[in-house]
Amino acid sequence: MNVFHGVPNSIPKGIPFLDLVAPHVELEHELTEVFRQALHTAGFVGGPIVEEFERGFATFCGVSHSIAVSSGTDALRLAIMAGGVQPGNVVLTVPHTFIATTEAISQAGALPEFVDIDEHTYNMSVEMLQQFLENQCTKDKSGKLISRRSGRPVTAVVPVHLYGQMADMDSILRLAGEHGLTVIEDACQAHGAEYFSKKRNRWMRAGSMGRAAAFSFYPGKNLGACGEAGAVTTNDASVADKVKMLRDHGQAKKYYHEVEGYNGRLDAIQAGLLQAKLAHLTKWNAQRRERAAEYNRLLAKNEAVTIPHEPSWSRAVYHLYVIRIDDRAGMTDHLQKAGIGTGIHYPIPLHLQKAYASLNYRVGDLPVAERIAAKIVSLPMFPQLTIEQQLRVVQVVLAFLDSEPSSKHVSAEFIELAAVERPP
Ligand SMILES: Cc1ncc(COP(=O)(O)O)c(C=O)c1O
């Protein structure tokens with residue numbers, strides 16, 4: 001990911017949105033050893049290396065089972081299927097997420113329906129979920145919850161722990177419990193994120209609270225493979241067994257197929273690479289939290305910028321550092337000209353995507369997600385991001401705001417002060 005091309009001469013160095021090279025160079029010796037081992041054993045698919053990673057990742061998440069699969073999308077699809085969702089069921093989720101969330105729901109044969117997000121955390125709004133369950137559903141004669149929108153039974157909810165911060169799981173689990181819904185976490189962006197459960201009186205990790213959860217190890221994730229990979233986590237042995245069977249052509253024993261399944265297994269090389277990187281994940285997550293705290297400190301006083309909100313019950317792992325700003329296009333353009341990479345996660349809420357025209361949602365149906373999508377921008381965030389790079393990013397952001405006549409904010413000079421005043 002090289003953004004150094006085309007940067008004006010006056011800019012000493014570009015700052016990438018994400019530096020994927022640095023961690024791989026740092027771990028080069030360990031990682032190449034994985035390839036050597038695989039070549040010498042020819043154990044390419046499944047086997048002890050995959051099982052070792054599965055045990056390691058289950059321990060990291062605080063669950064009894066982790067099942068490695070070929071991507072986060074597969075993980076979510078298999079978790080939804082193994083969690084008991086039947087074809088034709090409605091699965092509730094948020095419109096402010098990557099499309100893989102709803103692809104997995106559709107590919108499991110179910111129908112996604114949307115609940116709006118919380119204005120501050122950008123995750124599923126508990127209030128909106130409650131309203132949906134109470135006002136947009138009815139019960140049929142057998143007591144099944146039926147969506148008024150589609151006339152189909154609602155059986156599951158998929159909260160997404162977006163940007164590395166967990167959704168309000170105690171409340172979601174309580175509502176789901178009251179209405180007989182299964183909760184499957186989309187934890188694809190939240191490896192190691194924590195939530196303080198009042199119900200259990202302890203911090204709990206992403207992937208350990210729902211019936212099952214899905215993780216992605218796409219290269220840019222907090223824990224990323226050197227290719228495609230994912231995992232399902234669960235404390236339910238029967239869900240784990242079903243996922244294992246589904247990922248391997250529906251067979252519990254070689255050539256004895258209980259159901260038609262998929263080829264969703266993980267390569268041993270990717271598992272070995274992930275196992276090597278897993279040892280560094282806690283440190284990398286802590287570095288991301290430090291970087292986020294530094295951005296917050298530098299940007300918080302500026303009224304034109306809305307920094308991420310981390311409730312007291314959350315310890316986010318900042319897969320992305322996302323701010324909100326009115327003139328998003330102007331600012332990203334300005335940052336790009338200064339050689340600073342940014343991202344927009346995500347510009348169009350799913351209910352308004354062409355792919356979901358058949359679901360018949362309209363502009364205005366999910367107003368918070370729509371409003372947020374127009375203003376968010378993701379700033380450079382990765383564990384190796386230096387303080388100097390951060391100061392430069394913030395300096396360019398503030399210089400842009402300085403040039404905006406309407407914005408009320410702290411001047412770019414603040415940044416020079418901040419650089420001096422920064423605690424050791
Ligand atoms: C929220 C979310 N869900 C699901 C996925 C799907 O993961 P993968 O790309 O590994 O299939 C991703 C990955 O980008 C994601 O961010």
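How many bridges join strand β8 to β9? Select residues 194–197, strand β8: 4 bridges tie it to β9, and the two run antiparallel. Strands are DSSP runs of E, at least two residues, and helices are runs of H or I, at least four, numbered from the N terminus.

This is a predicted model: local features need pLDDT of at least 70, side-chain atom pairs count only at pLDDT 80 or more, and totals for chains, interfaces and linings use all residues. Residues are numbered from 1 along each chain as its sequence is written, and side-chain values use heavy atoms, without hydrogens and water.

Stay on β8. Pick E194; R205 in β9 stands opposite. Now show the open sheet of 3 strands, ordered β9-β8-β14, with antiparallel pairing (two strands pair if DSSP finds at least two bridges between them). β9 (202–205) and β14 (314–315) are the edges; each has a single partner strand, so one side of each lacks a neighbour in the sheet.

Next, select the ligand. 13 residues surround it, the closest being G72, T73, D186, S216 and K221 (a heavy atom within 4 Å). The shell divides into 4 nonpolar, 7 polar and 2 charged residues. Colour α4 (72–82) and α5 (100–107): each supplies at least two shell residues.

Zoom in on the polar side chains. An N or O atom of S216 lies 2.7 Å from a ligand oxygen. The side chain of K221 also places an N or O atom 2.7 Å from a ligand oxygen. For Q189, a polar side-chain atom is 2.9 Å from an oxygen of the ligand.

Finish with a surface view. Taken alone, the ligand exposes 390 Å², and the protein buries 92% of that (Shrake-Rupley method, 1.4 Å probe).

Technical notes
A polar contact is a pair of N or O atoms within 3.5 Å; within protein, one must be able to donate a hydrogen and the other to accept it, and residues adjacent in sequence count only if both atoms are side-chain atoms. Ala, Val, Leu, Ile, Met, Phe, Trp, Tyr, Cys and Pro count as nonpolar, Asp, Glu, Lys and Arg as charged, and the others, Gly among them, as polar.
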